[in-house]
Amino acid sequence: MKERLMARMAGLCLMLAALSGCARPGGLFSGAAPESSSAAQVSASGSVSHPSLVPLLSPATEQRLLEAKSLWIEDDCVDPARAALLLDVVLEESPSYADALIWRGKALTAQGYLEDAFDDLTRAVQRLPGTGSAEGARLRARAYAARAYVALRMAREQGAERDLISALEADPAEPSIYLYRGALEFLRGKDAEGCAALRKACDLGMCGAQTRAQSGGLCR
């Protein structure tokens, strides 16, 4: 019994470390390349109706965004401090760029700046359309899922639960939802549910946490 408990705790620590942003060098970079830039959406009256999901950026800033995204392996960041600095430049040029806010929020989370990360991710949610845009729904799911993990790190379990539900409603195909659902279930002592969530994340393309949970004896 004691050995099993120790193995479970060790495995849980490994899995949470995998979700902390401290990535291991090597493997395939999975940060998506930034989409082609476009101008802000404008209503018939000439006023901006909603910030564009992909605002027009200078070529140098586009390159910084691409470099920042390349620092991720699945949902882990190789160099979160570097990523945050690059994303600072992007957001200086386009403060309402939701995708950049999400990435910076994740980089700040990895460094332990949880309040700042929560603020960035909240701003991203507020700037994303609730309906009518598949890309907006995808980003909204990513923002809510990332904020759920921040809530977990801040010991706000109910807040994490609410954000995971909102992420699922926005886009159930977003793999990070199940990654962080797994973390929540493990913290609740529900190993079977946690392992099932990690399997779902792997089915959707994020297998690192499941592999580490298996190697740590937490999942089969």
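**Close-up views of a predicted model**

The protein has ten helices and four strands, and what you're looking at is a predicted model, not an experimental one. Reading from the N terminus, the elements go α-β-β-α-β-β-α-α-α-α-α-α-α-α. Of the 220 residues in the protein, 50% are buried. If you take the contacts with a separation of 6 or more, 61% come from residues 24 or more positions apart.

**View 1. Helix 6 packs against helix 7.** Here we zoom in on helix 6 (residues 134-153) and helix 7 (residues 157-170), whose axes come within 8 Å and cross at roughly 165°. Angles over 145 degrees count as roughly antiparallel, so that's the label for these two helices. The crossing of helix 6 and helix 7 is left-handed. On the helix 6 side, the residues that do the touching are A137, R140, A141, Y144, A145, R147, A148, A151 and L152. Facing them from helix 7 are G159, A160, D163, L164, S166, A167 and A170. Sort the residues of this contact by type and you get eleven nonpolar, two polar and three charged.

**View 2. A155 sits in the loop between helix 6 and helix 7.** Check the backbone here: A155 isn't a glycine, yet its phi is positive, at about 60°. For context, most residues other than glycine have a negative phi. A155 has 70% relative accessibility, and therefore counts as exposed.

**View 3. E74 is another non-glycine residue with a positive phi.** The phi of E74 is near 55°. You'll find E74 in the loop between strand 3 (72-73) and strand 4 (76-77). Is E74 buried, partly exposed or exposed? With a relative accessible area of 24%, E74 is partly exposed, given that the buried class stops at under 20%.

**View 4. W72 and W103 make one of two aromatic pairs in the structure.** The ring centres of W72 and W103 are 4.6 Å apart and the planes sit at 65°, so this one is edge-to-face; the cut-off for that class is over 60 degrees. W72 belongs to strand 3 and W103 to helix 4 (residues 98-111), so to speak a link between distant parts of the chain, 31 residues apart. Both W72 and W103 are buried.

**View 5. Y149 and Y180 form a stacked aromatic pair.** How far apart are the ring centres of Y149 and Y180, and what is the angle between the planes? The rings are 4.9 Å centre to centre, with 5° between the planes. Y149 lies in helix 6 and Y180 in helix 8 (residues 175-187), so the pair ties together parts that are 31 residues apart in sequence. Both tyrosines are tucked away: Y149 is buried at 6% relative accessibility, and Y180 is buried at 3%.

**View 6. E193 is placed in helix 9 (residues 191-203).** At 41% relative accessibility, E193 falls in the partly exposed class.

Note on methods
Residues are numbered from 1 along each chain as its sequence is written. This is a predicted model: local features need pLDDT of at least 70, side-chain atom pairs count only at pLDDT 80 or more; totals for chains, interfaces and linings use all residues. Side-chain values use heavy atoms; hydrogens and water are left out. Axes are lines fitted to C-alpha atoms, for helices over the stretch in contact, and angles run from 0 to 180 degrees between N-to-C directions. Angles under 35 degrees count as roughly parallel, over 145 as roughly antiparallel, 65 to 115 as roughly perpendicular and the rest as oblique. A crossing is left-handed if the near helix is turned anticlockwise from the far one by less than a right angle, and right-handed if clockwise. Contact means heavy atoms within 4.5 Å. Ala, Val, Leu, Ile, Met, Phe, Trp, Tyr, Cys and Pro count as nonpolar, Asp, Glu, Lys and Arg as charged, and the others, Gly among them, as polar. Buried means under 20% relative accessible area, exposed over 50%, partly exposed in between (1.4 Å probe, protein chains only). Rings of Phe, Tyr and Trp (its six-membered ring) pair if their centres lie within 6.5 Å; planes under 30 degrees apart count as stacked, over 60 as edge-to-face and the rest as tilted.
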